[in-house]
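Colleague: Hi! Could you walk me through the cavities and salt bridges in this one?

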Amino acid sequence: MIQYRVSYENPLTFYLQVEMTLAVPAGGTAPLALQLPAWRPGRYELQNFAQKIQKVEISDAATGQALPYRKTTKDRWEVAGAAGKELKIRYNFYAHQMDAGGSWLDETQLYLNPVQCLMYAEGREQEECELALALPDGWQVACGLPQGGPNVLRAQNFDQLADAPLIASPTLVHQQYEVGGLPFHVWVQGEAPLHWPRMLADFKAFSEAQVALFGGFPVADYHFLNQLLPYKHYHGVEHHNSTVITLGPAELIMTEALYKEFLGVSCHELFHTWNIKSIRPAEMQPYDYARENYFRTCFIAEGITTYYGEYLLARSHVRTPAQYFEELGAVLHKHFADAGPDNLSLADASVDLWLDGYKPGVPDRKVSVYHKGALAALLLDLTLRQLSGHARSLDDVMRRLYAEFGQTGIGYTEADYIRLVEEVAGRKMRAYFDKFIYGLEPLAPPLDKVLHTVGCQLMVAGNGSASEGRFGFRTVGRNERTEVSGIWPGSPAAAVLTVDDEVVAVNGRRVDLNLQTLLSTGDPSYEISVFRQHRLLTVTLTATEGASYGPRYSVAKLAEADAAQREGFAKWLGWDF
């Protein structure tokens, strides 16, 4: 067994002391290689956690004698001459990252994502692990791992240990509910005026909907680990049998605006228990923590999960259809916010998560696997329903993925997913994949078409911003400056403005939170004064007759729907039309 111990001396420094103990078999000649993960499952980018490691020391556990080691990469260490010895590896880890994938230490709590701070011995990832926590008296531990003793957690292997975040504190609040006889634990760290009866009823409802969809649950219990913070925040990360959700401000948790976010991220992360933790791409069987794990199917892992995360809240009657359509509108807005979808396919965007998928990136370069992935999933779901008269849907594809891959532990491929979609559809679906997964075909026309089959439509409205709607440029306020942040290709703005221009005047009038007003007089052209690279320029911005940019999309019920459309609406959403 490989043993770990985490302690701390002064929480004001944010440094944890990590100790790893393992016996090295006698007779070996190769150096012992220790690797710290460079990324964490759930966020497909290198995060280089070794930046947080301080003062690595390696010694013979029996004698205390220091052993020489050699660092071979940014996050890998080799120890020569370790055969036949029990080694003790010590180092400090800086726990000062409060988000759903981070670790945090202060006087009130220890919050730990082991994947960030625990090394593993190469070739021994399948050995049992034990994590002991040195905690003050009276502290409680919330974690998906079983406890082998007070403050001692046991894992079957490093994968399970790395995928088990924990919160330890004296103020944890705990409630639970059951679905199908299985316990679902809700842990809360932070001061928040929660309405527990409503919250537990809502969580139980969407949990039941998910278990019913798949016909079973991959794990024996589940833990929602909630960090409810005193400031604005939103983040969630999935794990084997748990999730961490960081959300704030905590005092507003039961208001409509924040509670809907709480429900949405919780439903989304629970769905991941099947879709990515159990139903895993072949490229991640097993995880390689030392480098990028490229895969082209994140539109399945994240796009489909984003779709179901909101859709199932409506289907389980936690949210109304109108509330669901509001969330769909937000996804549509994000997808159509720039020209990125014209330039990168969903499959290629899955690979590019490892490149710049979580950053804004250069203008109009990429598409979101979350947002376009969700819309592509909606399109597929309604298409499958239309083809089968609602006898089959995306639910059937997900059940098949779970049965063939999730329950067997076999990783699926792109070809496997296409095969299952076509088997459920009862026909070839190459056009769908070629256009919307591997191609750049616009989503709006086919979405509107399939929405009509369930008594709904895709609504298109003009952009209310004069700068964007008429002239094709967006601005952002920075330090009392109005700067150009985005430009639609082919728009009037594209001919005379550039990103980062500081707009200072319109027709000689100073711009001071009044840009939209100054551009709304109806004149065909305007003199725009800008600072560009610290030089003052004046350009002429001329509208193109009949052209508009940045349209706003939303989903709404048809004013009049026939019997088939009303029936389709009910079968899709589980609500009467």
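Modeller: Happy to; we can start with the cavities and then turn to the salt bridges. Keep in mind that this is a predicted model.

Colleague: Good to know. How many cavities of 30 Å³ or more does a search of the whole structure find?

Modeller: The search turns up 2 of them.

Colleague: Which residues line the largest cavity?

Modeller: Its lining is made of Thr306, Tyr307, Glu310, Tyr324, Glu327, Leu328, Val331, Ala374 and Leu375. The elements giving two or more residues to that lining are α5 (298-315), α6 (321-335) and α8 (371-388).

Colleague: And where does the largest share of that lining come from?

Modeller: From α6, which supplies 4 residues. Sorted by class, the lining of the largest cavity has 6 nonpolar, 1 polar and 2 charged residues.

Colleague: What lines the second largest cavity?

Modeller: There you find Arg40, Pro41, Val115, Ala162, Asp163, His239 and Tyr289. That lining divides into 4 nonpolar, 1 polar and 2 charged residues.

Colleague: Great, on to salt bridges. How many are there?

Modeller: The count comes to 39. One of them joins the side chains of arginine 90 and glutamate 19, at 3.2 Å from N to O. Arginine 90 sits in strand β7 (residues 86-94) and glutamate 19 in strand β2 (residues 15-23), so this pair ties together parts that are 71 residues apart in sequence.

Colleague: Nice. How exposed is arginine 90, and what about glutamate 19?

Modeller: Arginine 90 counts as partly exposed, at 34% relative accessibility. Glutamate 19 is also partly exposed, at 21%.

Colleague: What about glutamate 78 and arginine 76?

Modeller: Their side chains meet in a salt bridge at 2.7 Å, N to O. Glutamate 78 has a relative accessible area of 22%, so it is classed as partly exposed.

Colleague: Then is arginine 76 buried or exposed?

Modeller: Arginine 76 is buried, because its relative accessible area is 18% and the cut-off for buried is under 20%.

Colleague: Last one: which residues are linked in a network of salt bridges?

Modeller: Arg400, Glu404, Asp416, Arg419 and Glu423 are linked that way.

How values were computed:
Residues numbered from 1 in each chain as written. Predicted model: local features only at pLDDT ≥ 70, side-chain atom pairs only at ≥ 80, totals over all residues. Heavy atoms only, no water. 1 Å grid on protein atoms, 1.4 Å probe; cavity = no way out; pocket = protein on both sides within 12 Å on 5 of 7 lines; lining within 4 Å. Points joined across faces, edges and corners; volume = space filled by probe spheres on them. Nonpolar A, V, L, I, M, F, W, Y, C, P; charged D, E, K, R; others polar. Salt bridge = Lys/Arg side-chain N within 4 Å of Asp/Glu carboxyl O. Buried < 20%, exposed > 50% of the residue type's maximum accessible area, 1.4 Å probe, protein only.
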